[in-house]
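I opened this model to look up a few helices and single residues. My notes follow in the order in which I took them.

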Amino acid sequence: MAQLTETIQVLSNSQALLKEFARQMEQDGKYGKEEYQEKVNDLRDYANGLAIVTYLVPAKLPEVSGEVSLMQLLRDQVGQIGNVIQELQSDSGIEEAEVSFDLKESDLRRMISSLKGMIEMNNLLRLEEEVQLVLKAPEDNEKLVREKTEKKGFFQKLFGRD
């Protein structure tokens with residue numbers, strides 16, 4: 001497997017994990033409620049947006065061993081997206097894109113531009129994260145574990161109320 005294909009494969013697998021997070025969030029009693037639907041929908045939109053390149057290499061849902069944090073997954077994806085952009089801009093990546101995926105220069109420009117937007121969306125998702133989510137291995141009884149973080153809202157910080 002060539003370098004560009006491997007880089008996209010890693011992102012594609014990560015995308016599959018993120019979609020699994022969103023699916024499990026909807027099934028969870030707390031996150032299935034209306035107030036969390038915007039967060040679930042944002043995750044779905046972000047995960048679907050990654051398809052700008054992941055459609056090229058089918059996902060292989062990796063086996064989850066131990067715990068996977070949503071925040072860590074999003075942090076890792078920033079690096080993975082950066083790696084894909086770097087590969088799409090390299091001479092070998094451009095050649096592989098043309099030969100393996102029949103992509104033109106204009107296709108690559110659109111992909112790179114879209115991926116830069118996905119990095120921004122990823123950053124926004126991580127900034128607004130109020131609840132840490134952990135995806136546990138299948139042998140664990142509870143799929144999602146919630147750990148509340150102590151974050152004060154804008155008005156709480158402004159007026160000093162707890």
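Entry 1, a helix pair. The model is a predicted one, and I read it as such. I began with helix H1 (residues 3-27) and helix H5 (residues 91-101), whose axes come within 8 Å and cross at roughly 80°. Angles of 65 to 115 degrees count as roughly perpendicular, and H1 and H5 are therefore roughly perpendicular to each other. I then listed the residues in contact: Gln3, Leu4 and Thr5 come from H1, and Gly93, Glu96, Ala97 and Phe101 come from H5. Sorted by class, the contact of H1 with H5 has three nonpolar, three polar and one charged residues.

I looked up Asp102, which sits in the loop between H5 and helix H6 (105-127). Its phi is positive, about 55°, although Asp102 is not a glycine. I noted beside this that most residues other than glycine have a negative phi. Is Asp102 buried or exposed? Asp102 has 53% relative accessibility, so I put it down as exposed, the cut-off being over 50%.

I checked the length of H1: its 25 residues should span 36 Å at 1.5 Å a residue, and the end C-alpha atoms are 37 Å apart, which agrees. How many of the residues of H1 are buried? I count 18 of 25, and H1 is mostly covered.

I picked out Gln15, which lies in helix H1. Its relative accessibility is 5%, so Gln15 counts as buried. Leaving aside residues up to four places away in sequence, I find Gln15 touching Ala47, Asn48, Leu50, Ala51, Thr54 and Gln77.

Helix H2 (residues 34-49) has 16 residues. From first C-alpha to last, H2 reaches 23 Å, close to the 22 Å expected at 1.5 Å a residue. Which residues of H2 are buried? I list Tyr36, Lys39, Val40, Leu43, Tyr46 and Ala47. These residues cover an arc of only 125° around the axis, so they are on the same side of H2. On the face turned away from that buried side I find the exposed residues Glu34 and Glu38. I also looked up what covers the buried residues of H2: the cover includes H1, helix H3 (51-54), helix H4 (70-89) and H6.

I took one more residue from helix H2, Gln37. At 21% relative accessibility Gln37 counts as partly exposed, because buried means under 20%. Gln37 and Ala22 are 15 residues apart in sequence, and their C-alpha atoms are 9.9 Å apart in space.

Where is Leu61 found? I place Leu61 in the loop between H3 and strand E1 (67-69). Its relative accessibility is 49%, so Leu61 counts as partly exposed, with exposed starting over 50%. Not counting residues up to four places away in sequence, Leu61 touches Ala16 and Leu17.

Key. Residues are numbered from 1 along each chain as its sequence is written. This is a predicted model: local features need pLDDT of at least 70, side-chain atom pairs count only at pLDDT 80 or more; totals for chains, interfaces and linings use all residues. Side-chain values use heavy atoms; hydrogens and water are left out. Axes are lines fitted to C-alpha atoms, for helices over the stretch in contact, and angles run from 0 to 180 degrees between N-to-C directions. Helices (H or I, at least four residues) and strands (E, at least two) are DSSP runs, numbered from the N terminus. Angles under 35 degrees count as roughly parallel, over 145 as roughly antiparallel, 65 to 115 as roughly perpendicular and the rest as oblique. Contact means heavy atoms within 4.5 Å. Ala, Val, Leu, Ile, Met, Phe, Trp, Tyr, Cys and Pro count as nonpolar, Asp, Glu, Lys and Arg as charged, and the others, Gly among them, as polar. Buried means under 20% relative accessible area, exposed over 50%, partly exposed in between (1.4 Å probe, protein chains only). The expected span of a helix is 1.5 Å times one less than its number of residues. The arc is that of the directions from the helix axis to the C-beta atoms.
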